[in-house]
Amino acid sequence: MMRRLIFSVSALALVVGLHGQIAYANDDEESITVYRVFVGDHADGKITAFDLGKADHRWTFATVGQSKLYSVNDGASIVAVQSEKDTVQFINSGISLHAHGDHSDIELADPAAVKTPLEGPRPFHVIDHNGKIAVNFDKGGYAAIVDSDALSKGELKTTSLKQARAHHGFVAPVGNGWVTTVASDAAVEGDAAPSRVGLQAVKVDGTPAGDVATCTGIHGEAFSGAYLAAGCKEGILTVTSGKDGPVPALLAYPADLPAGQTTGTLLGAKSMQVFLGNYGAKGLVVVDPVDTPHFQYLDLPFRRVDFTLDPTDARFGYVLTEDGSLHRINILTAQIAQSAKVTEPYSMDGHWNDPRPRIAMAGDEIVVTDPNQGLVRRIAKDELTEIAAIKVEGKPYNIAVSGGSGKVHEHGHDETHAHSHGDPQIYKGYFEDSQVKDRPLSDYAGDWQSVYPYLQNGGLDPVWAHKAETGTMSAQDYRKEYEIGYKTDVDHISIKAGEVSFYKNGKATTGTYTYDGKEILTYKKGNRGVRFIFKKTAGDEAAPQFIQFSDHKIAPEKADHYHLYWGNDRTALLSEVTNWPTYYPSSLSAKQIVSEMKAH
């Protein structure tokens, strides 16, 4: 039986440890932070789950074989792929996050196995994107497409996308279309695997919808911003959504990279448009899909065991090397920023599936499996010091994490869970001058992502359909309007202590800004808006002289999203009303942003 956990707090703040499981700010906010860890055993058919700050609060799930674990659907579900047993099992994590711009709500229950598994010949690669989970069946010649929403309710609803021939590959949604890896039709002798030759746009029934983009040995796929990327013998193949379907482009490996190596694993950042990939046994590459140089290479001191990206701060990644050291990687400079020993050495000699550590992020921590010691180690990401070592029976191996921070609300069966976004009339632009108050830059502090990449890749299409239901234009016309409005090459903004950093493909331009007053604007249809203006007082020459915020609020209050205008002419900026680059918290997924936009 599922069990909803309702938390209450006293007026006193409660904190469980520096890196504890649950943290409350005060009685009014009822905010908690919960991370749940899922660990697959190397030898036995089982998965152990536990809450990070309370490791004795745990569950065990039986599997039919060794599992590769994936956290999907914003952590609501865990996928356990058992390639050698032709089975995929699913576990609902018991943690659901619902974004509301200025905060998220969190609902907690015991994790529970989904009764129905997926069965088929050798499942392997899993892609989770825009509400679709694609599981490739390498020896079946098809991918199963799992509906994320149904899965979160404990139901397994799937469709099948057929490939031209069985091979070790993947299928991925791009915009409103699909792409699939393609293998050679040449006869295969003995047990040799089909040769992977490229990527092709297809319809949902598997019918080709474009030419094959050459990508020899294609392997390792990830999404970041508007881009899907995959490794090839020739370089990195990128794919974006175009008006006529997926658009591929090859980023060739430059001559200064070590010869004879390729990328076979890629990770995509969530709050910057950048990828981190392997390159040879002891190298990593940072891949910028837009600006040159597209590749930055990092030579590691020892061979790589496992690596990950920080989902809440994409400036950093973490890699574990075979000497037992964990390294923080500066993604912007492709350099090691800090290192510390966290496990005994684990040699990379031997079989690829020998028991070696695996790592995952859990908020401010990196969790590391240590199979030889039967432990999961909690490592503070800032200091790279061990917080605790959790005993897990057997040989803990593959790992996945679910969770985050949010507010807990108690619900009765007949209650409506409503959220206020302020006075609706003010939000629509109807207010008195006397209501407008000066605002500090701290109202906009935080890490913010542009929504333009989500518009480009089709992630915001549900918003246009929603607008068309009650509006005066078609969904396509709304998309065209917002294509102009949201367009920007600044994909990430960080605001902290008076400094504003503008990121273009991972490269920052920073200025220090002070308040320069407010301006009330009247629009054509009679409603009004307020621009809160800040002037640069120091910083990079390339940083704009003025920035102007518009977020539908007219007095001091923390922004949940905003439209930003920037340039060197204060007056000219006030007349810009067609292009309004829009930013939401970097922690939100496309699905969460869609939910927030539809709520307004």
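Biologist: How much space lies in the largest cavity?
Modeller: About 90 Å³. A cavity here is a set of points on a 1 Å grid over the protein atoms alone where a 1.4 Å probe fits but cannot get out. Grid points are joined across faces, edges and corners, and the volume is the space filled by probe spheres set on the points.

Biologist: How many cavities of 30 Å³ or more does the structure hold?
Modeller: It holds 4 of them. Keep in mind that this is a predicted model, where local features need pLDDT of at least 70, side-chain atom pairs count only at pLDDT 80 or more, and totals for chains, interfaces and linings use all residues. Residues are numbered from 1 along each chain as its sequence is written, and side-chain values use heavy atoms, with hydrogens and water left out.

Biologist: Which residues line the largest cavity?
Modeller: Among them are Ser 224, Lys 270, Gln 449, Tyr 454 and Asp 491; a lining residue has an atom within 4 Å of a point. β36 (446-450) and α3 (452-456) each supply at least two residues of that lining. Those labels are DSSP runs numbered from the N terminus: helices are H or I with at least four residues, strands E with at least two.

Biologist: How does the lining divide into nonpolar, polar and charged?
Modeller: There are 3 nonpolar, 6 polar and 2 charged residues. Ala, Val, Leu, Ile, Met, Phe, Trp, Tyr, Cys and Pro count as nonpolar, Asp, Glu, Lys and Arg as charged, and the others, Gly among them, as polar.

Biologist: New topic, helices. At what angle do α4 and α5 pack?
Modeller: Helix α4 and helix α5 (residues 475-486) pack at about 125°, with their axes 8 Å apart. Axes are lines fitted to C-alpha atoms, for helices over the stretch in contact, and angles run from 0 to 180 degrees between N-to-C directions. That makes α4 oblique to α5; angles under 35 degrees count as roughly parallel, over 145 as roughly antiparallel, 65 to 115 as roughly perpendicular and the rest as oblique.

Biologist: And which residues of α4 meet α5?
Modeller: Trp 464 and Ala 468 are among those in α4, and they meet a set in α5 including Tyr 478 and Tyr 482. Contact means heavy atoms within 4.5 Å. The contact has 7 nonpolar, no polar and 3 charged residues.

Biologist: Where is Pro 293?
Modeller: Pro 293 sits in the loop between β25 (283-287) and β26 (295-299). The peptide bond from Thr 292 to Pro 293 is cis, with omega near -5°.

Notes
On a 1 Å grid over the protein atoms alone, a cavity is a set of points where a 1.4 Å probe fits but cannot get out, and a pocket is an open set with protein on both sides within 12 Å along at least five of seven lines; lining residues have an atom within 4 Å of a point.
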